[in-house]
Amino acid sequence: MAPVPPAEPASASATPPTPPWWRDRRVIPWVVQAVVGLLVLLLIAFLLGNLVRNLTAAGLLLSWRWLQQPAGFDISESVIPFNAQLPYWRALAAGLVNTIRAVLVSLVGATLLGTLVGMASFSHNGLLRRLARVYVEVVRNIPLLLQLVFWYFVVFLTLPNGVAAIQLPGVVLAKSGLYIAGLGEGLRWVGPTLVNGVWQSPLRLSVEFGALLTGLIVYSGAFIAEVVRGGIAAVPKGQWEAASSLGLSWFATLRRIVLPQSLRVIVPGLNTQYISLAKNSSLAVAVGYTDLYSVAETTLNQTGRAVEVILVLLAAYLTLDLLISALMNGLNRLVQIRER
Amino acid sequence: MKPFLRRLRAELFATPADALLSLGLIAVLSLAAFGFLRWAFTQAQWAVIRVNSTLFAVGRYPVEEQWRLWLLLWLLFAATGLSWGVLRSHPRRDRSGALWPRNDRIAAVLLVVLGLWRPWAMGLSLSIQARWWGLVALLLLVRWLAGRFGRRFGPLGLRLVALMWPVLYLVGMVLISGGLGLVAVSPSEWGGLMLTLLASSFAILLCFPIGVLLALGRRSDLPLLRWGSVLYIEFIRGAPLITLLFLGQNILGFLLPGGLAPDRVWRAAWVLTFFAAAYLAEAVRSGLAAVPRGQFEAARSLGLSYPQALGKVVLPQAMRVALPAMVGQFISLLQDTTLLSLIGLMELLGTARTVMANPAFLGKNAEVYLTLAVLFWCCCAALGLGSRALERRLDPHAVPSAT
């Protein structure tokens, strides 16, 4: 038992001494913020001052007039018409459209692959289950850039050309491109055909695009598979048992009972994966696909307009991310449980 | 054998459809494995790796200065053995306290096999092979000595070991870059695996404090700090790393007064650091969110100051929760270093590209990329394994295991 301290005089406890202002709980936070804010402002002012001074010295002060000048380089594959005489902004727009095209297609592909693999990891078949695990573990531990160059240089660029090309039903894989069956003239279904040693088909994708798509789909598919697996695991086991006691097959249980319930866990996770897929598409430059980043790099090399190009790039990718986020948040509201 | 067959039947051949699927998968897998093995042993020409092994390891580091890297390697192996041994010499309640538990025996055998077989298989010269044998022998010897006698130093030994690594990192930096009487080697001559490990370890070490501060800022009650952190984190997370690296290479020179901007390698390392900090902040934030508010309030009411309550009560718990996410970030950071090759730096992938630009090795893509993939896979898988082990060790509810 510690000795009881002598009682303090009543007058001291009645009127506690007011602390000096620098120890006042109401003042400290504002002082801290003011100091931090001032420091950050000073840093920004310092950096911007340098930027303006250095840019003026280099004669590159912020201006957007160069966007109207002819680009002078060509884009090998562009959805919107483009040639070297068109201005820079058209080149950047073509790059953006190419990026969006790659993101959209690989988004769909990765979702399909990821869902299938995520489902496979709940299969009765031990081999299939382990295969799904191995796929995820292998792909997640190898850098995406390495996978992309592997698909491009090792797989797609070593495809044979002409008669030797790999022919699958409706699809021909050749070094000159990927030829896919589609609706030809007069709305007839036309498959790839060999004309004078050159493949022709309604739909042709470049090998660059093919490599980018394969790489992105395989890589993101592994991450999406993990999201799907987590979502399915979050559904109580009783749901499986109830469904199978009603006589539903494994696939029907998954499709009708488990997957719909797991969506509310899966969708927020998918949002993250889709955004990183959109950002990862910028690695297209490594396989020679002219996406936004690749066009921007060429533009910078030709004009030296580093600051403006960076601003365009950042704005474009931020917008893309926000767009995906907004769409996925809308989807998320749809799949959440509505409580009455 | 019976239970094995029964399990096989339950796992692979439960129903006719299952059996069909299994047989199909087995056929496809064995065909693929056969094709790959045939390629790897008959067609593949691994000389491209053998001949360029130094390039892949350290890039164009000057030959006459490479003894410094060997010295660093000796130090690293000794330090690893020391830490391993000292950790084992302090048995935990849940361990039997054996000098060589089962996992350690496996690791030791693996090390010996790798150290004997790999340099030989790579066809390295005998003197270099001998160095690798020496390195492995040193590691195991130090491990044994530290495990045997480490206990005599008590808890002080553990602290010294913890202190040794930062010191070793600084020593390594000096050994690699020069200074203090050593000839300076410019960062443009660093490359290969060394640059990959250097950039990623630098970013991992420095992004940690920045990330924790950002996470605290984002959860702060002060609006200016909170919004500042949110702005930074969301801006960085919204942009692809390659655009930020691009920004670092092309704009940093404009942002700093002339001559102050660091070398291209260091610029990239700093960009990686600030990039990783934003992601790490989110991982730490999720950890902070998992600590009940009562913990902080209890600590404060016990008379701990704000930094004390944070540092001694809240953060340790938050870190334990955030550990898997943080290690995940570190793994992706290690993978992200490959992007340095896109801005012309000679890390592993950049080195691979220059090697394959050499007419003598044209078209050896598969060999080189597969080797890099195995290398990266091993590094990342090791990080993941280590993280899981650490998680188990830090888990207060873990069931004590026998090993």
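A residue is buried if 20 or more other C-beta atoms lie within 10 Å of its own, exposed if 12 or fewer, and partly exposed in between, with C-beta atoms placed from the backbone. This is a predicted model, in which local features need pLDDT of at least 70, side-chain atom pairs count only at pLDDT 80 or more, and totals for chains, interfaces and linings use all residues. Residues are numbered from 1 along each chain as its sequence is written, while chains are lettered from A and ligands numbered from 1 in the order in which they are written.

**Helix 11 of chain B**
- The buried residues of this helix are B:Leu241, B:Ile242, B:Thr243, B:Leu244, B:Leu245, B:Phe246, B:Leu247, B:Gly248 and B:Phe254; helices are DSSP runs (H or I, at least four residues), numbered from the N terminus.
- Their cover includes helix 2, helix 9 and helix 10 of chain A, together with helix 12 (264-290) and helix 14 (306-336) of chain B.

**Chain B overall**
- Chain B has 16 helices and 0 strands (strands are DSSP runs of E, at least two residues).
- Buried residues make up 30% of its 403 residues.

**Contact between the chains**
- Chain A gives 42 residues to the contact and chain B gives 38 residues (two residues are in contact if their C-beta atoms, placed from the backbone, lie within 7 Å).
- Helix 2 of chain A supplies the largest share of the side of chain A that touches chain B, 11 residues.

**Confidence**
- Chain A averages a pLDDT of 84 (the predictor's confidence in each residue, from 0 to 100).
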